[in-house]
Amino acid sequence: MKSTPTLFATLSLVALSGAAGAQVTFSTDYMSPLRPFVTHGDILMPVGGLPAYGPLPPPLVFIPGGPAGLGIPSFGFACVGAPAPIPCPIELDALSYGTDFPLRAGAIASHTIQFSVDEFAIGIPPAPLPPDVTSESAVCDSAADIFGNLLSPAGIIPPAFGGSTGLIDGNGLVSGSGALYPGLGVLEPNCPIPGPAVDGDNVDAYDFADGPPGPMAVFFSLDAAFFDPLRAMPNTGSGPVNGFPPGAVLVTLVPGGPPIVYAPPLALGLDVFGPFTDDLDALALFENGIPGYMPSPAPYIWGPGTAFDMLLFSVRRGSAVIGVLDSLLGLPICEGDILVPPAPGGPPFPGIFITAEALGLATPRIIAGLAFADDLDALDTRWGPPTGTPFCSASPLCPCGNVGAPGNGCGNNLFAAGGNLAATGFASVSADSVVLTGTQMPNGPCLYFQGMTQVAVPFGDGVRCVAGATIRIAIKFNVGNTSSYPVGIDPPLSAAGGLPAVGGTRHYQIWYRDAHPTFCTVSTFNLTNGLTIGWIP
């Protein structure tokens, strides 16, 4: 199992002004053992703002839930410092900054849909590409992780098995399943124990945002008060205590609030059976900039330049709408489904936009006798950032212990930190400006290559990270231990069919000479980390 980092750091508030740049933010639920250092009304961030390999210090408070931040009325001093599992009525249930990627009709690229689950999720065995919900839940390591979709569903899909893969870990250490990926600095494991037992963290809200400068609008929901049958405890009731329906999307301009209702429950197809009977549990929102919530009449009729907002959500276990036939597919709604508000003039209930099964989540629709579906706990939509996502880095597979620094490949004869591959620019099929840049490599020839899949296989003095229809895209020469390659303007890549289609994902790596090695003596060549880029229109 993963080891647990010691809570030794004093948490500090990150200044909200100048919060620009990529930023991972999240919250944990009231069972979190991070308390009393943070509360379940605070928005947190990993130290440094982005996930990293462990061991990690505890997360920082990015936006507090109290008067200096979200302005949750009941925040007060009674909940600050209260140990888990005292359910103070301040719990933040869902999170967005209104800038989530507006999904388009057609293929949805892998990792575009990012989500978390709670500790009771089991996934759909067998695990198609571990680490995923199935593999991580088997070792109690799923509740603190962020997963990404594997399928590229063309629009709305019926129940069909899909899958997910782990993108962000809880603590950034090797899990019980053997997986290693960057983490948040929260505590694992978290086993599905009914009642008030506390063992690990549950990431209950999540957003990977390019933080806007200046005042920040935060969209969120608060918790219901009804009974949780799996935890055998009532929820915190932070919505009703503060006078807000738990099925509503709230918004506050931080710092200081106060929160107001942005989208009421009935506009989302919730609370049809009465006030406070549904709980909005996850949220992905693209706000088109026109004041107020403007429901889209159908999926995909939203986004920049339109009069409609994209609002995707899920509902918590125990919500009255669960089991009701949805307004798009006519299927019983489950806790793991991604929902959209009902279309005007149709049934009053939400529509299933993407089924839980498409994300590899278990439901009674396909597993007979299952009492509860896996609960989708947090949601975000995003393309892979133009700068790419490193993977297969600082690998324990390095052939002779030459493990590089996080984000790099295996160490080489000049740089113990290892070669690094990064990218700049905008990853667009129609207007590409991506430039791949390799650094920390010995001077001399190197080979940039691209593939369709990820692997992790020892190769030379390093680890090969890229496979599947591999294309050699450029031979370059490192000068000053650096080289670069502009992807989109290269004719050979286009001729070889290497440019991805809209929504495609490709993986990149550099092979380089490492002659007369001193740091590692297996071979005379090495490789950088891998880099994944998702391409938009």
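I started at glutamine 114, which stands opposite glycine 148 in strand E6. Strands here are DSSP runs of at least two residues, numbered from the N terminus. The model is predicted, so I note its limits: local features need pLDDT of at least 70, side-chain atom pairs count only at pLDDT 80 or more, and totals for chains, interfaces and linings use all residues. Residues are numbered from 1 along each chain as its sequence is written, and side-chain values use heavy atoms, without hydrogens and water.

**Strand E6**

I looked up the partners of E6. Strand E5 (residues 113-117) runs antiparallel to E6, joined by two bridges. Strand E7 (residues 164-168) also pairs with E6 in the antiparallel sense, over four bridges. Pairing takes at least two DSSP bridges between two strands. In E7, glycine 166 is the bridge partner of phenylalanine 147.

Next I checked directions. Ile146 and Gly148 point one way from E6, Phe147 and Asn149 the other, and all are buried (under 20% relative accessible area, 1.4 Å probe, protein chains only). In a regular strand the side chains alternate between the two faces of the sheet.

**Nonpolar cores**

I then turned to the largest nonpolar core, with 26 residues. A core is a set of buried Ala, Val, Leu, Ile, Met, Phe, Trp, Tyr and Cys residues joined through side-chain atoms within 4.5 Å. Leu312, Ile338 and Phe353 touch the most other members. Elements giving two or more residues include E5 and strand E15 (310-315). I noted a second, separate core of 22 residues, with Phe313 among them.

Methods. Buried means under 20% relative accessible area, exposed over 50%, partly exposed in between (1.4 Å probe, protein chains only).
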